[in-house]
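User: I'm new to this kind of thing. Could you show me how to read a few features of a structure, one at a time?

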Amino acid sequence: MTGNSSPSLADALAAGTVVLDGGMSNQLASAGHDLSDELWSARLLADRPDAVADAHLAYFRAGADVAITASYQATFEGFAQRGIGPEEAARLLALSVELGRDAVRRARDEGIVRPLWVAASVGPYGAMLADGSEYRGRYGVSVEELERFHRPRIEVLAGAGPDVLALETVPDADEAAALLRAVRGLGVPAWLSYSVAGGRTRAGQPLEEAFALAADVDEVIAVGVNCCAPQDVEFAVETAARVTGKPVVVYPNSGEVWDAEVRAWTGRSTFTAEQVAGWRKAGARLIGGCCRVGPEGIAGIARVV
């Protein structure tokens, strides 16, 4: 738990709305860091950990209550492709949580006294592939193989002592099933967040079926969506709340579209803080932004809630 006086995140969600941070990569890029590497922001865990902590602190200053770690793209397999062995990979995964804790300590030193939490990011299998397949799912890999892929890093992240595991940007209900298996019995709460498009998972499954997987999993304290267009949020929130009865987490992109071939964002932003009131009415309790939503956008959400 972050700070002796902080309630659990589950208790905070039962009591009201909690503000998530925004996109890690865009905050690092705006600070001048090159993220063209296939490890994306995870590379900075090794090269510039101070920059990661600075990014977390910028979001706390903007009004975020939860810092999501820079471990989204951090996997044993991905690090191995860069010549980083398993011991160092485990150290970097654990470091991602400690950098969130460091940002909490710095926020306290600056006089920020509200409860703050650290969420350890667990990105999808497709993020490790770095080919855009996290926006498609259907990897041709079994649930059992996906569980074997996710379990080691989930265990390392859980052992580092985060307040919650963020099982995020999940494109496929099969992968969600694997992730839910991997978190059972770890003693760390989790949220499950799908990437969706037009009322279905990215892999095309109905959201009712996808959310239902988490309905009876005690470790899951919230379900919802992230890394999607703002206009896809409200239906997903209503569906998640109805199917699971759990608090809903939502953190969409700015509305711009990722082009995996040229590795760039295109289009214009359609994200506004005013949309938050509708999401709350539909059942959202854990609200922030994903790609291309920076501290200014999070400050706008914090003002609304």
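This is a predicted model: local features need pLDDT of at least 70, side-chain atom pairs count only at pLDDT 80 or more; totals for chains, interfaces and linings use all residues.

User: Let's start with helices. How do I describe two that pack together?

Analyst: In general, two packed helices are described by the angle between their axes and the distance between the axes. Here, take helix α4 (residues 49-62) and helix α6 (residues 86-109): their axes come within 8 Å and cross at roughly 50°. That angle makes α4 oblique to α6. The crossing of the two is right-handed.

User: Which residues make the contact between α4 and α6?

Analyst: From α4 you have P49, V52, A53, D54, H56, L57 and F60, and from α6 there are L95, L99, G100, D102, A103, V104, R106 and A107. Sorted by type, the residues of this contact are 10 nonpolar, two polar and three charged.

User: How do I check the length of α4 against what a helix should span?

Analyst: Count 1.5 Å a residue: the 14 residues of α4 should span 20 Å, and the end C-alpha atoms of α4 are 20 Å apart, which agrees.

User: How many of the residues of α4 are buried?

Analyst: It's 10 of the 14, so α4 is largely enclosed by the rest of the structure. The buried ones are A51, V52, A53, A55, H56, L57, A58, Y59, F60 and A62. They pack against α2 (24-30), α3 (43-47), β2 (66-68), α6, β3 (117-122) and α13 (295-304).

User: And which residues of α11 are buried?

Analyst: In α11 (233-244), look for V233, A236, V237, T239, A240 and T244. Their cover includes α10 (207-212), β8, β9 (248-251), α12 and β12.

User: Can we try a single residue next? Where is G283 found, and is G283 buried or exposed?

Analyst: G283 is in the loop between α12 (275-282) and β12 (284-287). The cut-off for buried is under 20% relative accessible area, and G283 has 17%, so G283 counts as buried.

User: What does G283 touch, leaving out residues up to four places away in sequence?

Analyst: With those left out, G283 touches V237 and V248. V237 is one of the buried residues of α11. Along the chain, G283 and V237 are 46 residues apart, but their C-alpha atoms are separated by 6.3 Å.

User: Now backbone angles. What should I expect of phi?

Analyst: Most residues other than glycine have a negative phi. That's the background for a couple of cases here. T169 isn't a glycine, yet its phi is positive, near 55°.

User: Where are T169 and C227 found?

Analyst: T169 is in strand β4 (residues 164-170), while C227 is in the loop between β8 (220-226) and α11. T169 is buried, with a relative accessible area of 2%. C227 is buried as well, with a relative accessible area of 2%.

User: What about phi just after the helices α4 and α11?

Analyst: Just after α4 comes G63, with a positive phi of about 120°. Just after α11, G245 has a positive phi of about 70°.

Terms used: Residues are numbered from 1 along each chain as its sequence is written. Side-chain values use heavy atoms; hydrogens and water are left out. Axes are lines fitted to C-alpha atoms, for helices over the stretch in contact, and angles run from 0 to 180 degrees between N-to-C directions. Helices (H or I, at least four residues) and strands (E, at least two) are DSSP runs, numbered from the N terminus. Angles under 35 degrees count as roughly parallel, over 145 as roughly antiparallel, 65 to 115 as roughly perpendicular and the rest as oblique. A crossing is left-handed if the near helix is turned anticlockwise from the far one by less than a right angle, and right-handed if clockwise. Contact means heavy atoms within 4.5 Å. Ala, Val, Leu, Ile, Met, Phe, Trp, Tyr, Cys and Pro count as nonpolar, Asp, Glu, Lys and Arg as charged, and the others, Gly among them, as polar. Buried means under 20% relative accessible area, exposed over 50%, partly exposed in between (1.4 Å probe, protein chains only). The expected span of a helix is 1.5 Å times one less than its number of residues.
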